[in-house]
Amino acid sequence: MKNRIIKFRGFTIDLNYNVWNYGFLVGDYIVEMVLEKSGLHLMNKIDMKSIGQFIGLYDINNKEVYEGDIVELGFMDTKYYSNIYKVVYSEKFAGFFLTGLYSSEESRSSLLDISEYIIKKYKIEVTGNTYKK
């Protein structure tokens, strides 16, 4: 059984120069392992609206894909009606999916599967995120 990587991304709000932080989510903080051998951790307060979970997949450029990312398809067929989507987590269907960039609907027919196979077949690339700062 392959171990799943559980980590989150959030945009800092308490630094002079705010940036994306990656690591464990603890309340409204992202805890980042700075030096693995020493056990030193860095905690930064983040904007709760910016939180996205790593979905365990990488785009065609080997970039991590997170909930809230905007992705673009490099290849389309009749299954996909657009070439720009956002990555969402559906509590109703307990998984990560692609949905239209401006869609708020959560019917199964409006959610498109995302997998390693789909990423390779449709040449999916992360081009941005829904949280803009």
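**Group meeting: a predicted model, residue by residue**

I'll start with Gln53, which is located in strand E5. Helices (H or I, at least four residues) and strands (E, at least two) are DSSP runs, numbered from the N terminus.

Before going on, some housekeeping. This is a predicted model, with residues numbered from 1 along each chain as its sequence is written, and local features need pLDDT of at least 70, side-chain atom pairs count only at pLDDT 80 or more, while totals for chains, interfaces and linings use all residues. Side-chain values use heavy atoms, leaving out hydrogens and water.

Back to Gln53. Is Gln53 buried or exposed? Gln53 is buried, at a relative accessible area of 18%. Buried means under 20% relative accessible area, exposed over 50%, and partly exposed in between, with a 1.4 Å probe and protein chains only. Setting aside neighbours within four places in sequence, Gln53 is in contact with Ile6, Lys7, Phe8, Val65, Tyr66, Glu67 and Phe96. Contact here means heavy atoms within 4.5 Å.

Now the whole protein. There are one helix and eleven strands, and along the sequence they follow the pattern β-β-β-β-β-β-β-β-β-β-α-β. Of the 133 residues, 37% count as buried. Take the contacts with a separation of 6 or more: residues 24 or more positions apart account for 44% of them.

How confident is the predictor? pLDDT is its confidence in each residue, from 0 to 100. The average for the protein is 85, and 87% of the residues score at least 70. Where pLDDT is low, the predicted coordinates should not be read in detail.

Next, the inside. In soluble globular proteins, nonpolar side chains tend to be buried together. A nonpolar core is a set of buried Ala, Val, Leu, Ile, Met, Phe, Trp, Tyr and Cys residues joined through side-chain atoms within 4.5 Å. The largest one here has 16 residues, and those touching the most other members are Ile55, Val71, Tyr85, Val87, Leu98, Ile114 and Ile124. E5, strand E7 (69–73), strand E8 (84–90), E9, H1 and E11 each supply at least two residues of this core. Take Ile114: not counting residues up to four places away in sequence, Ile114 touches Ile55, Leu57, Phe96, Phe97, Leu98 and Ile119.

Then the largest pocket. On a 1 Å grid over the protein atoms alone, a pocket is an open set of points where a 1.4 Å probe fits, with protein on both sides within 12 Å along at least five of seven lines, and lining residues have an atom within 4 Å of a point. Grid points are joined across faces, edges and corners, and a volume is the space filled by probe spheres set on the points. The largest pocket comes to about 270 Å³. Which element gives the most to its lining? That is E5, with four residues. E5 and H1 each supply at least two. The lining includes Lys2, Arg4, Phe54, Tyr58, Glu116 and Lys120. By type, the lining divides into five nonpolar, two polar and five charged residues. For that count, Ala, Val, Leu, Ile, Met, Phe, Trp, Tyr, Cys and Pro are nonpolar, Asp, Glu, Lys and Arg are charged, and the others, Gly among them, are polar.

Now the backbone. Most residues other than glycine have a negative phi, and most peptide bonds are trans. Asn62 is not a glycine, yet its phi is positive, about 65 degrees. Asn62 lies in the loop between strand E5 (52–58) and strand E6 (64–66), and is exposed, with a relative accessible area of 62%. Lys123 also has a positive phi, near 50 degrees. Lys123 sits in the loop between helix H1 (116–121) and strand E11 (124–129), and is partly exposed at 45% relative accessible area.

Last, two residues paired with partners elsewhere in the chain. Leu101 is in the loop between strand E9 (95–100) and strand E10 (112–113), and counts as partly exposed at 22% relative accessibility. Lys132 is in the segment after E11 and is exposed, at 65% relative accessible area. Lys132 and Phe11 are 121 residues apart in sequence and 9.5 Å apart in space, C-alpha to C-alpha.

Note on methods. pLDDT is the predictor's confidence in each residue, from 0 to 100.
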